2 protein chains.
Amino acid sequence: MSEEGARLTELAKRRGFFLQSSGAYGGVAGFYTYGPQGATLKDNLENAWRDRYVTREGHMEISAPDVMPEAVFEASGHLDGFDDMIVECPECGASHRADHVVEDNTSIEEAESFSTDRIAEIIEENDLVCPDCGTELADQPVEDFNLMFETNIGPGSSSPGYLRPETAQGIFVEFPQLSEYARNQLPFGVAQIGKAYRNEISPRKGLIRVREFTQAELEHFIDPEEDEPPIARVEDVTLPLYSVEQQQADDGDIQEVTVREALEEGILADEWVAFYLGLSKGWYERIGVDMDRFRFRQHLPGELAHYAADCWDAESELAGDWVEITGFAYRGDYDLKKHAAHSEEEFTVFKQYDEPVTVERPTVDPDMSVLGPEFGGDAGAVAEALEELVEREPDAFEDTEVTVEVDGDTYTVDTETAGYSVEEVTESGEHIRPHVVEPSFGVGRLVYTVLAHAYEEDEVDDEQRTYLSLPPEIAPTTVGVFPLMDKDGLGERARELAEELRGAGLEVTYDDSGAIGRRYRRQDEVGTPFCVTVDYETQEGNETQDAADADGTETVTVRERDTTTQKRVAVDDLAETLVALRDGDLSFDDL
Amino acid sequence: MSEEGARLTELAKRRGFFLQSSGAYGGVAGFYTYGPQGATLKDNLENAWRDRYVTREGHMEISAPDVMPEAVFEASGHLDGFDDMIVECPECGASHRADHVVEDNTSIEEAESFSTDRIAEIIEENDLVCPDCGTELADQPVEDFNLMFETNIGPGSSSPGYLRPETAQGIFVEFPQLSEYARNQLPFGVAQIGKAYRNEISPRKGLIRVREFTQAELEHFIDPEEDEPPIARVEDVTLPLYSVEQQQADDGDIQEVTVREALEEGILADEWVAFYLGLSKGWYERIGVDMDRFRFRQHLPGELAHYAADCWDAESELAGDWVEITGFAYRGDYDLKKHAAHSEEEFTVFKQYDEPVTVERPTVDPDMSVLGPEFGGDAGAVAEALEELVEREPDAFEDTEVTVEVDGDTYTVDTETAGYSVEEVTESGEHIRPHVVEPSFGVGRLVYTVLAHAYEEDEVDDEQRTYLSLPPEIAPTTVGVFPLMDKDGLGERARELAEELRGAGLEVTYDDSGAIGRRYRRQDEVGTPFCVTVDYETQEGNETQDAADADGTETVTVRERDTTTQKRVAVDDLAETLVALRDGDLSFDDL
């Protein structure tokens, strides 16, 4: 782990952001528990996401189960294709990701895209060994390992279930009903915030690559022929783009261009993806991602998921590495088509025309009294083949005879016997399969990024200080309330104030232990933006020289985290002031 | 399913509260998806819970993984004891809960407390048959079936994991670290809202008994000798109590008594449990539980969990059945003791004395130069036995000789050789194991209760109307915004207003389809408390006779759901007014 990572992980455990789970039993790789500060920070991020991508956009949010039946993942493709390559050490028995063994010990970079056979060859050719015990891995089988956690639903093993590897499938599978809720009007968006699970072979990198994590995904269903995003809302937003072209150029770099320019210049090919990049940039800033450590990177052709036409990742820089925090994918109709093919439902939307349309439709009406005697038991199959043919290739019926194939045998039928004709049909609309644009956020990685980017060190009163410069909306604790000392009634008054502030919906910590300076430092370390101190001036307001207190108003000091500046605020205005500071309706400078 | 249940389930699916998951693949019993209305309702309930049990009480909230390693459940007792009884039909292969088969077909009521052998006998004695196909179940084995979903962590089966059957274990297992966060000061509370899973043999009752559900649990860690709850805060709250005594009496009934009376009269034995019943009563009212369909019921002696000293359930009446929505349990030190015994950690808190205390401590210091020659290879075991004995029973050393037993053999040792003495030791504190008070809420059951209790029918304009009388804080949509018609600019203005209201953090639905009356009905059915309509008066305010509009103020109508009363409100005040109505700071009557 990098020094930055180690420092943050130590702070995270000590101050209650996150820690490896079940430590009393030695811990389990890839599972983390969010402590009191981390759980609240994560909750604040999720609420900010909901506000931006659901409430303000008028989208729907659902909550589907984590355990889903096998049929869903047969359709989605995860059962067959959601694999990593595994190789086991013949000596110590440790399992390793075979592509990582290759990448870590050769100059090969994208080993994931190779076949298992090729990886086995490379291991042999390079005499690669077990990273744990050093035993040679040559001749060990390299196999596909499915990353879904499997379990059984109900008694026995007849009904396998899987922990979903992405929240998206919980949305896609309910599309028929969700479409009803949207009254079959495209476009509409459906969001979900929830757990997803990937049974990583050998998790590493702490909170970045874990086995259980939280996703916030939005599936925006659109009519690809008609719907356009409200691009005007974001066209002036400047995006830091790292396109395929720049990645492949010798001295390629991030380009700072507006959404409009990126579309005009063809850097961004799809308006919907462009819209979401534009919308999201401001949101990352809002939650505290450092824009100097942020970029949008386009997927390289070899990297693109089978379902995606175009895909850009939002990436944050963490200890020198660029880490994906969001994927923006144009998934087309891949998912709905798959579910339609595997289930009894259509997964389409009926799109009403403005006016009914009359179209010519070629049909057949095979004369079974002729076909029966002629083809015997095959007559039914021949009739079906004719029905399929007329939909697929009506031109085949233009001659006097038409030929179809059934189970390898060829049958020739008079077009008259086939009952071929072209009918005029009036249609009020058509069934269309929506396309999907998907912004998919990894919440744990956002938490980690926001913490890493907020981490600051400075000197205050000749002492080294560590603080988290978190936005007040996101900080897990909004206010620390302290009595200068817990005596002479200061403690009682401070506890009363803490209660009052909690009543106003603020996240409050009360602390009366140790020197006041140490209490400030503790709050600095968890990123609490404001601290309120009850002191002797609070009690004796009207006896002091302080102007704010001259009329006997009861006041407290409010200290701002990043600047450590303190100001006196009347107790009567305290809750309102702090709420306004948290919500960004008031700045500390204007106090 | 009851008529009430069927009606609600139909409405829930049609209007997007909840539906059985993966319907396109035939569905899976026990798994439900919350639709757009349901997910938001559930989220609002969770936020109201967090406000009450975490923020306002100053407790901590954490978020632990759903998948936990086997060691945790070996310690907690779930691996051995978290079973239901299963019997399989020899003909159709269906699995059934054996105790349910007995309860449904005999007069036996608490079959769950019987042994598997006894249940098998009862099945045989009563010629009970498979509920699905009617085949006799006599001679079929009745076995324990563990209700945890099992999976494997990482490749192979060497590291089994389980989906947690309660969120509580995720808190208990991290106690050593959580105690640090609380700076080892008792009492402190740790809460968690998250998924829990129980692999029910044959789920029934829709949303009430499911395989995947959400719990909101608070573990309040206390010093049982010193800590007292702030009972004064709740002592005047009236509780509807259904005690063991009343349940066992011939004409026993619910008693309406205050918290203070219940404690004085001994109906409630524990002050902590009493505190949480008092605190929770008001919260149930706040979220819309009908207090005429609500009670607290004490667990009968046979029903009490092995760990619980006393337990009361909050129950709501649903279609004539009483259903548990919360369990209030005094768990003692059961859980922490178990984890301490199974892990390397202590699971205690160091409690500092006000003053150091000097105590007499009996010790031994066996003289091995005597024991060695005398007992040979057993000398070490004898010395250990002496050390154990002096802690357990120091009086045994008062004679000149002392006797210990090792592996069935008896050894006699001089107390002088044992090195017995009584030392004076000064201690600054002691390690104590906290007790736990646990309010445990089933969020899905709360959702169902709130919907069932809010369900109302009446007549409006000679038409039958269905509406959900949900509290504005909890209702999934706060405001419906409609143009009277989508023409003459009314639609544009209504869409603008909808945007503005979303910007103020309100949950808003925009609807311009169909007659205005139908749009009101749709919002009534999902419990939207307020509807805003933009009409011609909005545009032409200053030309009308309406007093509010006489000065040209732009106004809209605001309609209240339950009364269907409409009032005109100035557009400039609209967002503020609606926020105040939602938060309960303003009543519609005072508009």
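Student: What is the relative accessible area of Lys567(A), and is this residue buried, partly exposed or exposed?

Tutor: This is a predicted model, in which local features need pLDDT of at least 70 and side-chain atom pairs count only at pLDDT 80 or more, while totals for chains, interfaces and linings use all residues. Residues are numbered from 1 along each chain as its sequence is written, chains are lettered from A and ligands numbered from 1 in the order in which they are written, and side-chain values use heavy atoms, without hydrogens and water. With a 1.4 Å probe and protein chains only, buried means under 20% relative accessible area, exposed over 50%, and partly exposed in between. Lys567(A) therefore counts as partly exposed, its relative accessible area being 22%.

Student: Which residues have a backbone oxygen 3.0 Å and 3.2 Å from a polar atom of the side chain of Lys567(A)?

Tutor: Beyond its neighbours within four places in sequence, Lys567(A) is in contact (heavy atoms within 4.5 Å) with several residues, among them Val556(A) and Leu591(A). For the backbone oxygens, the distance of 3.0 Å belongs to Phe588(A), and that of 3.2 Å belongs to Asp589(A).

Student: In helix α6 of chain B, why do the buried residues line one face?

Tutor: Helix α6 covers residues 116–125 of chain B, and Ile119(B), Ile122(B) and Ile123(B) are buried there; helices (H or I, at least four residues) are DSSP runs, numbered from the N terminus. An α-helix has 3.6 residues a turn, so residues three or four places apart point the same way. Seen down the axis of α6(B), with directions taken from the axis to the C-beta atoms, the buried residues line one face because they fall within an arc of 100 degrees.

Student: Which exposed residues does the face of α6(B) turned away from its buried side carry?

Tutor: The buried residues of α6(B) pack against β5, α5 and β7 of chain B. The face turned away from them carries the exposed residues Asp117(B) and Glu125(B).

Student: How many salt bridges are counted between chain A and chain B?

Tutor: A salt bridge is a side-chain nitrogen of Lys or Arg within 4 Å of a carboxyl oxygen of Asp or Glu. Arg50(A) and Asp43(B) meet this rule, with N to O at 3.2 Å. In an interface where 77 residues of chain A are in contact with 77 residues of chain B, the count of salt bridges is 6.

Technical notes
Helix = DSSP H or I, 4+ residues; strand = E, 2+ residues; numbered from the N terminus. Polar contact = N/O pair within 3.5 Å; in protein donor to acceptor, adjacent residues only side chain to side chain.
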